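Biologist: Let's go through this one together. Put the model up, please, and I'll ask as we go.

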Amino acid sequence: MVKVAILGYGVVGSGVAEVLANHLDSIARRAKEEIRIKYILDVRDFPDSPFADRFTKSFDQIVNDPEVRVVAEVIGGLDPAFDYVKRCLLAGKSVVTSNKELVAAKGAQLLKIAQDNNVNFLFEASVGGGIPIIRPISQCLAANDVIEIAGILNGTTNFILTKMIREQMSFEDALALAQKLGYAERNPAADVEGHDACRKICILASLAYGKHVYPEQVHTEGITKITLQDVEYAESWGGVIKLIGQVKKLEDGRIQVAVAPMLIDQDSQLANVDDVFNGILVRGDATGDVVFYGKGAGKLPTASAVVADIIDCVKHFKARKYLYWEDGVKDYVLPYEESVVPVYIRAHAQDAEAAAVKAEELFGAVRRLYRDNAPEEELAFSTNQEWSIGDIKAKVDQLEQSGVTVDAVIRISDL
C-alpha cells in the first residue's frame, strides 16, 4: 500500500481526493499498488467531509512522515507551494502538481532537485487540465524535432471570444457572463490579460526545447482591447480572433515565443475550438500537425490528470521518469520587436481614403477590409507583407503622425 498526501482542498484538491476514493480498485490495478490518502493539508476545517479524519494543518507532519511517498500539490501560486514542494523532494518524496505558476517559474530548479534525489516531479495537469499534453510531448512525440507549438490555452478567454464572435456580445458582457457561469474569477486579470496562457506556453516551450523559458521573457497581451469591430473585420478577412500562445524554434537555436490575440484562418484546426475548450497544436518534423483538444480546466478533468501522475510516480519508484530541462540562458528568446509577422490594423481618420493611401505608402500593398455599417472615417486592412514588430510600431507611429488614429493592431497567424 502506498500512502499519499494532498496539499490543498480547494476545487482541484477535493477532486483529487474524490477520484482516488471513488476509483480505488481500478487505480490499484493500474498502479499495481493500493493508493490511500493519509493526509490532506488545509488551513480550513471540513468536519462534514468524508475525509475529515485525514485533515491536518501541519505540513511538517507530512514532510517528516516516511510512509508518505507521493505528495500532490494543488494549493496554487508560489508561496508556500514552492517551499513545500522543494522540501518534499529533498525528503525523498515524489511530487505531482497542477500548479502552472509554480512550474513556469521554478520548473528547472525543482526538476534538478528531483533528479538529485532520485524522485519524480510530474505536472501533467499544469497545462490543459485533463487534456494529455506533457506526456505526449515528452514520450509519444520524442522521436520528432518539435518545430512549433501553438494553442488556445485558456478556456475563459476562449469562451469570451466565442460569445463575441457568435452572439455579437461586447467584451464586457461576455466577461460578466463568464463570471456568472463560474468560468472567470471575480478578478479575471490572470485570464483576460494573458498571464495564465503565458505560464502554460512557458512550460510547453521548456519541455519541447530543453531550456527553461520564464514568463517575464514572453511578450504577453490579453483580449481586453478586442472589440466587436475587430471580430467583424476578422470575419471579413476570412477567419476568427483567438488568444494564442505560440513558440517556434528558429534556425539559429533561439526560440520565438509570444501570447497574443491573433487572426487565424477559418480553415485552421484551431479556428473551431470554441467555448471553454482548449486546443493545442504540436508541429513535428515527422508527424506533421497533431492537435490535442478538450476542456482545459474543471474539477474532475484536472483531478484526473493529477491522479494519473500519482499512478505514474507509484509505478516508477525504482526507475525515475525522464522529464527534465535545463535552466534558461541569456539571449535564448528572440526579442519580441524582431518577430516578423503580417498584421491587421483598424484605424480612423477624417479622410479614410487618404489614410488608406498613406497606409500603402508605409506597408506596401494592403488588403482593405470592410464590415456592414462601418462609419465613413473607419479604415481596416491586413498587410500582405511581413514586417518585424519593431518596424510595424515605427510605421504605426508615422501613420498617426499623418493624422490617422490607430485603434487596433493584431498579429495574423499562419496556423
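Predicted model: local features only at pLDDT ≥ 70, side-chain atom pairs only at ≥ 80, totals over all residues.

Biologist: Between which two elements is the loop of Pro-80 found?
Modeller: Residues are numbered from 1 along each chain as its sequence is written, and side-chain values use heavy atoms, leaving out hydrogens and water. Helices (H or I, at least four residues) and strands (E, at least two) are DSSP runs numbered from the N terminus. In those terms, the loop holding Pro-80 lies between β4 (68–73) and α4 (81–90).

Biologist: What is omega for the peptide bond joining Asp-79 and Pro-80?
Modeller: That bond is cis. Its omega is about 10 degrees.

Biologist: How many helices and strands does the chain have, and why call it compact?
Modeller: The protein chain has 14 helices and 18 strands. For the radius of gyration, taken over C-alpha atoms, the globule rule is 2.2 Å times the number of residues to the power 0.38. That rule gives 22 Å for 415 residues, so the chain is as compact as a globular protein of that length, with its own radius of gyration at 23 Å.

Biologist: What share of the residues counts as buried?
Modeller: Buried means under 20% relative accessible area, exposed means over 50%, and partly exposed is in between (1.4 Å probe, protein chains only). Of the 415 residues, the buried share is 53%.

Biologist: Is Val-192 buried or exposed?
Modeller: Val-192 belongs to helix α9 (residues 189–192). Contact means heavy atoms within 4.5 Å, and beyond four places in sequence Val-192 touches Thr-157, Ile-160, Phe-171, Leu-175, Gly-222, Ile-223 and Thr-224. Its relative accessibility is 5%, so Val-192 counts as buried.

Biologist: How is Arg-367 classed at 35% relative accessibility?
Modeller: Arg-367 is in strand β15 (residues 366–369). Leaving aside neighbours within four places in sequence, its contacts are Ser-236, Trp-237, Ala-380, Phe-381, Ser-382 and Asn-384. Even with those contacts, a value of 35% makes Arg-367 partly exposed.

Biologist: How far is Arg-367 from Thr-224, C-alpha to C-alpha?
Modeller: Along the chain, the two are 143 residues apart.

Biologist: What is the relative accessible area of Gln-168?
Modeller: Gln-168 is in the loop between α7 (155–167) and α8 (171–180). Its phi is near 55 degrees, a positive value in a residue other than glycine. Gln-168 is partly exposed, with a relative accessible area of 38%.

Biologist: And where is Asp-275 found?
Modeller: Asp-275 is not a glycine either, yet it has a positive phi of about 55 degrees. At 25% relative accessibility it counts as partly exposed. It is found in the loop between β10 (255–265) and β11 (277–284).
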